[in-house]
Amino acid sequence: MSEDIKREQAYWSTDVAKNLNVGESTLRKYCLALENENYQFIRGSNNSRAFTDKDIIVLRRFKHLVHQERITLKEAATIVINEFGTTDRTTGVTEEQID
């Protein structure tokens, strides 16, 4: 691995859903709304999403907009993308990188 590649801690959907206090199906809906606006999540070897600390911050903001501000998923995704941008990721992660 190249020395200039930064390793980030990553978390699986179950942990992130618990952290955000939402169900896994709700987390999936949030992710799909963000992905429809070109936000990119890391994908594991089985194509499941892995989440970095930045992703969790983005999702926490998204949840606030939807639940507290009563904004639609699409509008919330647009706002979050404007605030945080899309994440340019080109590689997936393996189970070993996440544990």
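This is a short walk through one protein chain, from its overall layout to a few of its residues.

Hi everyone. Please keep in mind that the model we are looking at is predicted. Let's start with the whole chain. The protein chain has 5 helices and 3 strands. If you follow it along the sequence, the pattern reads β-α-α-β-β-α-α-α. There are 99 residues in the protein chain, and 34% of them count as buried. Now take the contacts in the chain with a separation of 6 or more: residues 24 or more positions apart account for 63% of them.

Let's turn to helix α1, which covers residues 13–20. Which residues of α1 are buried? They are V16, A17 and L20. Around the axis these residues cover an arc of only 100°, so they sit on the same side of α1.

Next, how helices pack. In general, two packed helices are described by the angle between their axes and the distance between the axes. For α1 and α3, the angle is about 45° and the axes are 11 Å apart. That angle makes α1 oblique to α3, and α1 passes α3 in a right-handed crossing. On the α1 side, the contact is made by V16, N19 and L20, and on the α3 side by I56, L59, R60 and K63.

Now a second pair. Helix α2 (residues 24–36) packs with helix α4 (residues 73–84) at an angle of about 60°, and their axes are 9 Å apart. That makes α2 oblique to α4, and the crossing of α2 past α4 is right-handed. Who makes the contact? From α2 we have Y30, A33 and L34, and from α4 we have L73, A77, V80 and I81. By class, the contact of α2 with α4 has 7 nonpolar residues, no polar ones and no charged ones.

Let's stay in α2 and zoom in on one residue, L27. Is L27 buried or exposed? Its relative accessibility is 1%, so L27 counts as buried. Leaving out residues up to four places away in sequence, L27 touches S13, V16, A17, L20, V22, F51 and L59. The pair L27 and L59 is worth a look: they are 32 residues apart in sequence, yet 8.4 Å apart in space, C-alpha to C-alpha.

N21 follows α1 and has a positive phi, near 60°. N38, in the loop between α2 and β2 (42–43), has a phi near 75°, which is a positive value in a residue other than glycine. N38 counts as exposed because its relative accessibility is 55%. Finally, in the loop between β2 and β3 we find N47. N47 is not a glycine, but it has a positive phi of about 70°.

Methods:
Residues numbered from 1 in each chain as written. Predicted model: local features only at pLDDT ≥ 70, side-chain atom pairs only at ≥ 80, totals over all residues. Heavy atoms only, no water. Axes fitted to C-alpha atoms, helices over the stretch in contact; angles between N-to-C directions. Helix = DSSP H or I, 4+ residues; strand = E, 2+ residues; numbered from the N terminus. Parallel < 35°, antiparallel > 145°, perpendicular 65-115°, else oblique. Left-handed = near helix turned anticlockwise from the far one by under 90°. Contact = heavy atoms within 4.5 Å. Nonpolar A, V, L, I, M, F, W, Y, C, P; charged D, E, K, R; others polar. Buried < 20%, exposed > 50% of the residue type's maximum accessible area, 1.4 Å probe, protein only. Arc of directions from axis to C-beta.
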